[in-house]
Amino acid sequence: MGIVRLIPLGGSGEIGKNCTVVEQDDDMIIVDCGISFPHEEHHGVDIVIPDFTYILENRDKLRGIILTHAHEDHVGALSFLLKEVNVPLYASPLTEALVRSKLEERVHLKDIEFKPLPAGKPFKIGPFTIEPVRVTHSIPETHAISITTEHGRILFTADFKFDMNPVDRIQSDFNRLTEMGDEGVLLLVSDSTNVDQKGWSRSESEVESGLESIFKNAEGRVLVTTFSSQIHRMQQVVNAAKATGRYVSVCGRRMDQVFQMCRNMKYLSVPDDIYVPNEDLNKYKHDEIVVLVTGSQGEQMAALSQMSRGEYSRMKVVQGDTIVYSARAIPGNEGGIWRTINRLFKLGADVITDYGTPIHVSGHGYEDEIRLMYQMTKPFYVAPVHGEPRHQIHFSRLLDDLGHPGHRKFILANGDVLQIDEQKAWIADKVQAGDVWIDQHGNAVVTDSCLRQRTALANDGIFIISALIDTDDQCFVGKPTSYSSGFVGDNDAIEDIMDDLIKGCSRFKTEAFSSAEAIKNELEKAARRFIYHRTSQKPVVIAVVQTV
Ligand SMILES: [Zn+2]
Ligand SMILES: [Zn+2]
């Protein structure tokens with residue numbers, strides 16, 4: 001018998017860019033392929049994707065990609081991987097529709113093959129038997145994925161909560177999860193996002209009464225912002241609007257696209273007589289309107305951000321409008337969110353981020369739900385993922401609490417290779433893994449050094465020296481010139497720096513004049529020193545050198 005390998009390339013030790021490889025001999029499948037978001041210091045970086053080097057080096061083994069659900073942190077990086085590999089995607093009808101509409105923008109769709117992911121119906125991919133199991137989350141059709149290998153079953157919980165009152169009335173499949181526990185689960189790969197929250201998460205359907213109360217009491221229009229993938233939330237906005245006699249409109253390209261698609265596919269139930277297209281909004285009184293709007297994360301180009309700057313042509317935010325934030329802030333986005341909120345307040349709107357009854361609940365189960373998942377599935381090994389190290393460590397403590405043996409749990413980092421044979425499991429190795437930064441034009445790759453330079457540029461600007469040098473006489477020909485941008489130094493300081501440089505150059509060692517490249521390096525080093533000495537600043541310094 002061979003060895004089974006599980007390798008997270010993203011999503012372990014972080015929340016975001018979920019992507020895990022499962023390998024057995026010459027066959028490999030991937031579960032999810034998502035993105036994460038950059039931090040504020042990542043200048044010009046739009047999204048972060050996993051490093052696919054390992055997959056590309058082993059592309060001959062790849063048999064397919066299984067998608068647990070349609071959230072961006074699980075499907076957002078597909079367009080980048082599918083440029084390099086051509087394998088089938090296994091997805092539910094909703095996930096397929098949402099992924100297709102995104103991929104249409106980037107990849108030639110005719111090359112992509114989608115295959116069904118039917119809950120409760122096992123099927124084969126290469127040597128693996130796959131069985132999707134329904135779980136509740138904040139988007140319909142989320143599936144835990146059971147992958148049976150030659151050494152036993154690996155069960156990915158996917159993002160889950162045990163919502164006893166789900167918006168679409170479709171429960172998690174408790175029976176099948178329990179049965180799988182009885183049949184044997186070798187390894188549970190579990191969501192750990194909310195493991196540090198005590199008790200049980202609130203049901204998604206509780207949000208409706210909070211929204212209803214706001215809609216009832218607001219004197220003007222109500223704008224609700226959430227993620228465009230929050231289909232259950234959209235349904236509750238529609239329900240609350242209906243209950244309070246308001247009409248619903250949608251602003252923002254992606255949200256409108258998802259709204260119409262889900263309406264057509266019957267994932268959203270929206271009576272015709274309450275839907276209002278944007279262009280008809282002014283036919284209604286303000287207290288008759290609810291608008292679903294993109295921009296819950298303060299994204300620059302999203303509809304709500306544009307409205308806050310008065311740049312959204314279809315709608316202006318005015319005194320009396322109420323804006324409801326029905327989403328959590330993804331860490332890193334807080335600055336942009338608060339700036340948007342402040343601008344909205346200045347326009348005279350009221351902005352609600354918190355309310356007596358919930359206006360947002362998490363899609364991830366709390367400690368007791370994770371405990372129940374463990375008790376039902378009775379795994380032999382456990383690897384907590386979809387969490388930062390603090391979540392993984394909390395999970396590990398919970399496992400101690402549950403009496404789970406210490407040597408049968410694995411806190412994996414991205415790139416760790418968890419190997420399993422017929423007798424044991426162990427972290428054997430590490431493969432290349434990490435962040436690949438994508439700029440706003442969709443180009444990989446903003447590198448580490450590129451980011452460092454951007455930070456330096458943002459902090460202290462740039463200082464350029466242009467010089468002609470006589471390598472025989474080892475001196476400048478004419479006076480070198482300087483250009484700067486974003487550098488805070490007056491003309492006197494710059495003149496002093498250039499004088500220092502001319503004097504300094506005469507003290508360079510002979511080797512420094514061996515080539516233009518060597519002179520350039522010496523000049524840049526010296527210039528950095530003199531600039532810091534005169535101005536206490538560290539701009540990016542570039543010397544452009546020509547020799548005679
Ligand atoms: Zn999710
Ligand atoms: Zn997720």
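Tutor: Four bridges join strand 13, residues 222-225, to strand 15, residues 289-293, and the two run parallel; strands here are DSSP runs of E of at least two residues, helices are runs of H or I of at least four, and both are numbered from the N terminus. Within this pair, Val 224 stands opposite Leu 292 of strand 15. This is a predicted model, in which local features need pLDDT of at least 70 and side-chain atom pairs count only at pLDDT 80 or more, while totals for chains, interfaces and linings use all residues. Residues are numbered from 1 along each chain as its sequence is written, and chains are lettered from A and ligands numbered from 1 in the order in which they are written.

The pair belongs to an open sheet of five strands in the order 14-15-13-16-17, with parallel pairing, where two strands pair if DSSP finds at least two bridges between them. Strand 14 (247-251) and strand 17 (350-352) each have a single partner strand and stand at the edges, so one side of each is left without a neighbour in the sheet. Neighbouring strands are turned against each other by 20° on average, direction ignored; the axes are lines fitted to C-alpha atoms, for helices over the stretch in contact, and angles run from 0 to 180 degrees between N-to-C directions.

Helix 6, residues 207-217, lies across strand 13, strand 15, strand 16 (322-325) and strand 17, and runs at about 155° to strand 13. Leaving aside residues up to four places away in sequence, Val 290 touches Phe 215, Val 222, Val 224, Val 237, Ala 241, Arg 246 and Val 248, contact meaning that the C-beta atoms, placed from the backbone, lie within 7 Å.

Val 290 also counts among the residues that touch the most other members of the largest nonpolar core, which has 123 residues; the others are Ile 66, Val 224, Val 237, Leu 292 and Ala 383. Such a core is a set of buried Ala, Val, Leu, Ile, Met, Phe, Trp, Tyr and Cys residues joined through C-beta atoms within 7 Å, and a residue is buried if 20 or more other C-beta atoms lie within 10 Å of its own, exposed if 12 or fewer, and partly exposed in between, with C-beta atoms placed from the backbone. Helix 7, residues 231-243, gives the largest share of this core, six residues. Because domain 1 (4-199 + 362-445) and domain 2 (204-352) both contribute residues, the core lies between them; domain bounds come from an automatic or database domain assignment. A second, separate core of 19 residues includes Ile 469, Ala 512, Val 540 and Val 541.

Over the protein as a whole, 45% of the 548 residues count as buried, and the secondary structure comes to 15 helices and 26 strands.

Technical notes: Two residues are in contact if their C-beta atoms, placed from the backbone, lie within 7 Å.
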